[in-house]
Amino acid sequence: TTVNTQAKTYQIGTDVTYPPFEFANDQNKYVGIDIDIINAVAKAEGFKVNTKQVGFNAAVQSAQAGQLDGIIAGMTITKDRQAKFDFGTPYFKTGVIMAVGKDSSITSLKQLKGKRVALKTGTAAAQYANSLKKKYGFKTVTFDDSNNMYQDVLTGNSVACFEDQPVMQYAINQGMKLKIVTKPANGGWYGFAVKKGTHKELIRQFNVGFKKIKKNGTYDKIVAKYLGNDG
Ligand code: GLN
């Protein structure tokens, strides 16, 4: 056997800003649970990653088009996506919630009738909201990133948004003037993804490396670093 001294560099797409999973910190350094996980796994397995902050939907589209090797972007493993992507070991639990302005009187889907709701393009939360649109009679407006979606609710242009619970809760804890008014729905897990049928070695290495960082406490340390010990 030959020893491969040239570590392979994979191009990994991620979201622009999806704290605590990926975001620019105070020093404008790109950090987060996803970033730390993929870096720790790469280090454990001897490959290199170049994380590209292209945005969630763009990452999904580019990986599908073969322009990116993988995605780590708080991406929910869904039935639909499993037809197009292969996922690594699920690494974080999530669910979809509805959030409204801090002082809003809206507490349920029924109160959305005739109102506008802000969604994020291509997300599991948008898919969930769109499935309820007709029944509850609301209108929608879409944004490519979470922050613009939140802003639309803060300015009052929309009355609510749909987001993943851990992400919305983190933003609220950081001072975002929104509140969660529904229980998490469509529960699922985040997974590292590659285009279906491609990059079998990368998925294998991710799973082997992930198992190691779970076992040696690195994963728990990463989560605690961003969420404290109640993460
Ligand atoms: N978890 C959601 C999804 O997979 C949103 C991901 C994101 O916005 N980065 O659709």
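Predicted model: local features only at pLDDT ≥ 70, side-chain atom pairs only at ≥ 80, totals over all residues.
Residues are numbered from 1 along each chain as its sequence is written.

**Figure 1. The two domains of the protein.** The protein is divided into domain 1 (9-91 + 191-230) and domain 2 (95-187), with bounds that come from an automatic or database domain assignment. The centres of the two domains, taken over C-alpha atoms, are separated by 25 Å. Contact joins 12 residues of domain 1 to 13 residues of domain 2; two residues are in contact if their C-beta atoms, placed from the backbone, lie within 7 Å. On the side of domain 1 that touches domain 2 there are 6 nonpolar, 6 polar and no charged residues. Here Ala, Val, Leu, Ile, Met, Phe, Trp, Tyr, Cys and Pro count as nonpolar, Asp, Glu, Lys and Arg as charged, and the others, Gly among them, as polar. The average pLDDT of the protein, the predictor's confidence in each residue from 0 to 100, is 96, and 97% of the residues score at least 70. The model has an ipTM of 0.98 and a pTM of 0.95.

**Figure 2. The shell around the ligand.** Around the ligand are 13 residues, of which D15, F56, T76, T123 and A124 come nearest; a residue is near a molecule or strand if its C-beta atom, placed from the backbone, lies within 6 Å of it. Domain 1 and domain 2 each supply at least three residues to this shell. By class, the shell holds 6 nonpolar, 4 polar and 3 charged residues.

**Figure 3. The crossing of helix 1 and helix 7.** The axes of helix 1 (residues 33-45) and helix 7 (residues 200-215) come within 8 Å and cross at roughly 100 degrees. Axes are lines fitted to C-alpha atoms, for helices over the stretch in contact, and angles run from 0 to 180 degrees between N-to-C directions. Helix 1 and helix 7 are therefore roughly perpendicular, a term for angles of 65 to 115 degrees. From helix 1, A40, V41, A44 and E45 meet residues of helix 7 including F206, F210 and I213. This contact has 7 nonpolar, 2 polar and 2 charged residues.

**Figure 4. Backbone features in two loops.** P20 is found in the loop between strand 1 (9-14) and strand 2 (23-24), and the peptide bond from P19 to P20 is cis, with omega near 5 degrees. N28 is placed in the loop between strand 2 and strand 3 (30-31), and its phi is near 60 degrees, a positive value in a residue other than glycine. Helices (H or I, at least four residues) and strands (E, at least two) are DSSP runs, numbered from the N terminus.

Conventions. Parallel < 35°, antiparallel > 145°, perpendicular 65-115°, else oblique.
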